[in-house]
Amino acid sequence: MPAPEARPATGPLHGFRIGVTASRKAEEQIGLLERRGAEVTWAPVLRTGVASAEDEALRAATAGVLAEPVDLLVATTGVGMKAWLAAAEQWGMLPALRTRLDQAEIIARGPKTVGALRAGGLRELWSPDSECFEDVLAHLRGRDLAGRRIVVQEHGQSLSMVAHALRRQGAEVQVVTVYRVEAAPDPAATFHLVDLVADQALDAVTFTAAPAVKAFLEAAEATGRHEEVLEAFRTEVVAASVGPVTASALQPLGVPTVWPTRSRLAAMVTMIERELPSRRSGVAFEVCGGHLLRVLGDRVLVDGEEARLTPAPLAVLRALLARPGHVVGRAELLGALPSGTAGSEHAVEMAVARLRGAIGADAVQTVVKRGYRLALA
């Protein structure tokens, strides 16, 4: 990795210390943060790589795909699809693979995956607006899959449980793994980052893959600082995630996690650019009902008095604060709720009710058939 650029003396993140755990696109992420003035500590907790033509396991999996007709392809990442098609081309299998997949129904997780498919001469039938893999599963969950052959292109996180769930619906499932995930060759940097978090010497840590969360927490446990790390994340150190899938690895542990509306690296950095300064100085709004609402990180003050919010209503408030005065749909609020609470839109209604009880009934307005908004005075 080249020497870092000199940090600007000013910038929205000047004076903030941020830990980065990514290996893939780490240089890009660090550059985005440092150009905004942040002091960055880098510890690639995992080493990820995309399989190539030398990967015999991928070649064998591709031969397995070609052996029988495919009814449905679930494509999860753009970079993974590009690598798979490129490897197949080197093996001389690309025409046969393209023909086989072109005859299948193709579901793509997001726009990057759609782009990779189309560049490879394939066309998706459906893709969720949310870019969330959970919505892909929900789409499949309501269908009769008995006897259907499904190929799942695996991303950086193992999809073995997904395969098992689809098999329970009667499908025959083959998972094609295009990524390799290995432990970092030298854990010293990870142990150092663990110490910085446990000592609350950082303002935030970024995570871009759920396996990296698991590896980081395993390192914390190995050094005897697991509980200190969790307490730091619950109080002083912001856990920033690139998206809800990565965040779901932390939320069951009671760690409040923030992530952008779109699961993109630049969007995560922009979110951090807003989030950290607001935790120091806070943001304030006059809301309907004659109250002054001030938010400083996870602290919410109403007319100067602290309103204690549990994770679900706090998540709803954060989503509303992202676009104050504008309507936020129920589906988006459902996606913002912590894991374990987001079973249905009833969970959103309960969280909104609790939020109204804490900050005032008039502060959150219902917009019929559309959603809710923070009602500004």
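Guide: Happy to. Arg149 stands opposite Glu172 in strand 7. Strands (E, at least two residues) and helices (H or I, at least four) are DSSP runs numbered from the N terminus. Please note that this is a predicted model, where local features need pLDDT of at least 70, side-chain atom pairs count only at pLDDT 80 or more, and totals for chains, interfaces and linings use all residues. Residues are numbered from 1 along each chain as its sequence is written, and side-chain values use heavy atoms, with hydrogens and water left out.

Visitor: Over how many bridges do strand 6 and strand 7 pair?
Guide: Six, in the parallel sense, with strand 6 covering residues 149-154. Two strands count as paired if DSSP finds at least two bridges between them.

Visitor: What packs on the sheet there, touching strand 6 and strand 7?
Guide: That is helix 7, residues 160-168, and its direction makes about 165° with that of strand 7. Such angles run from 0 to 180 degrees between N-to-C directions, using axes fitted to C-alpha atoms, for helices over the stretch in contact. Touching, or contact, means heavy atoms within 4.5 Å.

Visitor: What's the strand order in that sheet?
Guide: The order is 5-4-6-7, an open sheet of four strands with parallel pairing. Strand 5 (105-108) and strand 7 are the edges, each pairing on one side only. On average, neighbouring strands are turned by 15° against each other, direction ignored.

Visitor: And which strands does helix 6 lie across?
Guide: Helix 6 (residues 133-141) lies across strand 4 (72-75) and strand 5, and runs at about 165° to strand 4.

Visitor: Let's zoom in on Gln174. Buried or exposed?
Guide: Gln174 is buried, with a relative accessible area of 17%. Buried means under 20%, exposed means over 50%, and partly exposed is in between, with a 1.4 Å probe and protein chains only. Gln174 belongs to strand 7, residues 172-177.

Visitor: What lies 2.8 Å from a polar atom of its side chain?
Guide: For Gln174, that is the backbone oxygen of Ala61. Beyond four places in sequence, the contacts of Gln174 include Gly64, Val65 and Ile150.

Visitor: Where is Val65, then?
Guide: Val65 sits in helix 2, residues 56-67. Val65 is buried, at a relative accessible area of 0%. Among its contacts beyond four places in sequence are Trp84, Leu97, Leu101, Arg149, Gln174 and Val176.

Visitor: How many of the 377 residues count as buried?
Guide: The buried share is 48%. Of the contacts with a separation of 6 or more, 62% come from residues 24 or more positions apart.

Note on methods:
Polar contact = N/O pair within 3.5 Å; in protein donor to acceptor, adjacent residues only side chain to side chain.
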